[in-house]
Amino acid sequence: MTFPSATLLAQSALSGVFIGALYGLLGLGLGLTWGLLHIINLAHFGFAFLAAYLCYQLASVHGVDPLATLALIMPLFFVAGVALQFLLERFRVSPLNSLLATFGVTAIIEAAIQGVWTADFRKLESVYAGQKLQIGELFVPIPELMTLLVALVLSFGLWAAMRYTDLGRAMRALAADAPMAAAFGINRSAHAILLSGVCGALAGIAGVCLALGFTLTPSQIYAWIGVVFAAVMLGGLGSALGPLVAGIIIGLSEAITMAFASPSWAPIVSFTLLIVLLLLRPART
Amino acid sequence: MRVDRPLVALVAGAAVLFVVPFLGLPAFYDSFLYLVFHWIVLATSWNILSGYSGYFSFGHGAFFGAGVYTTAVLAGKQDVPFLYTLPAAAVVAAALAVGLGAIVFRVRSVRGELFALLTLAVTFVLSTIVLNTPIDGGPGVYLSAVAIPKLAPTVSGSFYVMALVLAFATVLVARGIQRSRLGLALFAIHDDEDAAEVMGVPTYRYKLTALGVSAALAGVAGGIQAVFVSYVTANGTFNITVPLTVVLMSILGGTRHWAGPALGATAITILLYVSTAADQAVAGKAIVGAVLVMAVLLLPEGILSRFERRQARAKGTPAAIVHAMAGAASSSPHAPAELANVRHTVSNDSTKPLLSVRGAQKSFHALRALQGVDLDVFEGEILGVLGPNGSGKSTLINVISGHYRADAGTIVFAGENIARWPAHRIARAGIARTYQIPRPFAHLTVRDNVALTAIFGNAALSRDTARDTAHRWLEFTELSGLDHVRPGDLNLHETKFLELARALAARPRLLLLDEVLSGLTPTEIDEAVGLIRRIRDAGTTVVFVEHVMRAITALSDRIVVLDQGRVLAHGKAAEVMARDDVAVAYLGTAHA
């Protein structure tokens, strides 16, 4: 093991923060549906990847600006989220069965992606790719910086909405005790539909960020599950800010592990953090 | 002796299948059936923990992969004879599973969903370790040079024989477990883990055992598969296919029956073969996904359980008819023979406490439910526990039975401090309880609900004896004829009496009753009062929490009044109730 230089360490820490922001962004929608609707939506990852491929298709084949694709992707995945929620609600699935059913949905999405775009690696070459800011000796890549800003804005925005609006209060009341909230006149299924639509749109946004910064291949869907769930559990179910904070902590830990050991050891980090958390604070999750 | 028909069918089926490789058929048949057996092993072994107990593992690929790489390293790199590597594959997979389980199951909050995700993560962690260490290192491991023992005329036939033997053994193990006390306990854990623990099931140990067995079988399947495919890679081994497929197979076939996963595995393997040509794995994945979604939504309990339900309905008498019959017959139930020849003789020794609680404290965050309770319960007495709502009565029962662990204080039962014992050990030592809101195991029959405590409680019967005994306890509590009904079909009165039958079947020395009478009609209360008296007369010490004053005065030798987590008064019922401070605690201060 060699000790990396200060600049290298700072550069790795910076990339850790950036990837952590994406963990948080992916975890945002996942944690909200889990905590508030008691649905563990693995299809969130499928949606994000589908959005990433759509963004790739529109941007690199049809020449649309990647950010402009959001105008199509957000409403599209809002509808997808609503449709999924409608299906799960219709059959009254338990949390565990929601995990299984959305696992199935994800497998279908993976197969569809593989069918359309093949299993080859795809990389979006946009106007943003390769653009960097230089601050001192550190390079700040623009796509990753945009991801961080998007994650910050959305997490804080939803946090404020949950906390200060009537709609947010109604959501939290439903999560705490649905029958009681219903007795006070809160329409459960309308709120559930709205929330799952928002979470679907969040998956779409995360997908665009994914396409901006990463090389895509269908089987990568599953590689994100473990670490994003770790961020959600560390951050707290149903919390809007938690996943981002936890995601950045995980991203930083991974980056430091990569700087000191080997990059291929990174997948162990989030799992270790999760196990340590479970052993130290079992009541949390 | 009755012929065990499923067993005969299994043995006959395996014997017929054993002949196949010796018939000189094209190798295709051997290899296709090998694949069927391979998936039967993986799905059936997965089901032992996940189907029976409801802890869905997505880590079966990790345990399978541990077996693959154990054999790959031993046979491919160390030149250990192939067959010798299989026990090693089982041990490595089981050790990994038990190590993981020992951490994960220790956390009380790690219920189903979290367990599923953690086991999924293990798959990728293991993959990372295998890729980064000399176990694989990246390029994969070739096993084409490994000598294959000649168990049949051809190589494919030899693999066929190995997979058949393993599949047969796995199905037998799954069946044996389902019919054993372990199986009954796992089904109880599925329905209500905390209640199972309080009734004497060592839930932690049993979950670990089931996980270990499940992983060991998957490990052996991995070991055979490694040599069968003759070249293994980390990405090809540790992926999402194995967990996805076994979950689908088991759910489709039915997770509550030993044969369900085997049925599902056969169906899906054939479906995948028929619907996909060799290089269309993509369509196969989509089909598996679609079938999984439909199975979860439309058939959440599987093909087999739907079939079994229909059979049970045809066989059993509907609960409503039994109710009518029970109402017509004059009821003068006799205590089961077990009650007459009690092991613990009634001493009525009023100087020797059976249970003494000293300084018991329990807080929930800021709420101090018990603030130092001192209490003695004497052998053979009926002690009534009273107090206004929130005074700590139920918490006291929960702390004595081990449902909650006391923050401080000692609880001495029959000479031993049980304050820090796990709940199942307390049950085994002779304390049984009922729940204020009945918590029957919803998917077990009424009789199995009762048999469970007869097995795991103080009575410690074998599973066969427990079933007969359970029937007699149901008669004693006037629930005869309802043996094969599910608890969901009972009315409130019957559900409360089922709680009682369960507690009694444990043959407790101390019985804790938490508001068994609430919600019953006056006639039903009189019946229950008679029942409790008979229980005491047979030698069981009773502590009961109650609001029904009539029952308290009729039954209790002594009463204890709790208020705000402390003992306010104790003594004879009439004397205690006459005290001013007791009246104030119940009715508030007079302002007149």
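A: Six strands of chain B form an open sheet with mixed pairing, in the order E8-E9-E10-E5-E11-E12. The model is predicted, so local features need pLDDT of at least 70 and side-chain atom pairs count only at pLDDT 80 or more, while totals for chains, interfaces and linings use all residues. Residues are numbered from 1 along each chain as its sequence is written, and chains are lettered from A and ligands numbered from 1 in the order in which they are written.

Some terms come first. Strands (E, at least two residues) and helices (H or I, at least four) are DSSP runs, numbered from the N terminus. Two strands pair if DSSP finds at least two bridges between them.

Now look at strand E9 of chain B, residues 510–514. On one side, E8(B) pairs with E9(B) in the parallel sense over three bridges. There, B:Ile431 has B:Leu510 as its bridge partner in E9(B). E9(B) also pairs with strand E10 (residues 541–545) of chain B, again in the parallel sense, over five bridges. Here B:Leu511 stands opposite B:Val542 of E10(B). Further along, B:Leu513 stands opposite B:Phe544 of E10(B).

Is E9(B) mostly covered or open? E9(B) is mostly covered, with five of its five residues buried. A residue is buried if 20 or more other C-beta atoms lie within 10 Å of its own, exposed if 12 or fewer, and partly exposed in between, with C-beta atoms placed from the backbone. In a regular strand the side chains alternate between the two faces of the sheet. Both faces of E9(B) are covered. B:Leu510, B:Leu512 and B:Asp514 are buried on one side. B:Leu511 and B:Leu513 are buried on the other.

Step back to the whole chain. Chain B has 25 helices and twelve strands. Of its 592 residues, 50% are buried. Among contacts in chain B between residues at least 6 apart in sequence, 75% join residues at least 24 apart. Two residues are in contact if their C-beta atoms, placed from the backbone, lie within 7 Å.

Chain B is divided into domain 1 (5–309) and domain 2 (347–587). These bounds come from an automatic or database domain assignment. The C-alpha centres of domain 1 and domain 2 of chain B lie 43 Å apart. Their contact takes 18 residues from domain 1 and 22 residues from domain 2 of chain B. Helix H7 (181–191) and helix H8 (193–198) of chain B each supply at least two residues of the domain 1 side. H7(B) gives the most to that side, with seven residues. The domain 1 side divides into nine nonpolar, four polar and five charged residues. Ala, Val, Leu, Ile, Met, Phe, Trp, Tyr, Cys and Pro count as nonpolar, Asp, Glu, Lys and Arg as charged, and the others, Gly among them, as polar.

Last comes the partner chain. In all, 36 residues of chain A are in contact with 34 residues of chain B. Helix H4 (95–117), helix H9 (220–235) and helix H11 (267–280) of chain A each supply at least two residues of the chain A side. H4(A) gives the most to that side, with 16 residues. The chain A side divides into 27 nonpolar, eight polar and one charged.
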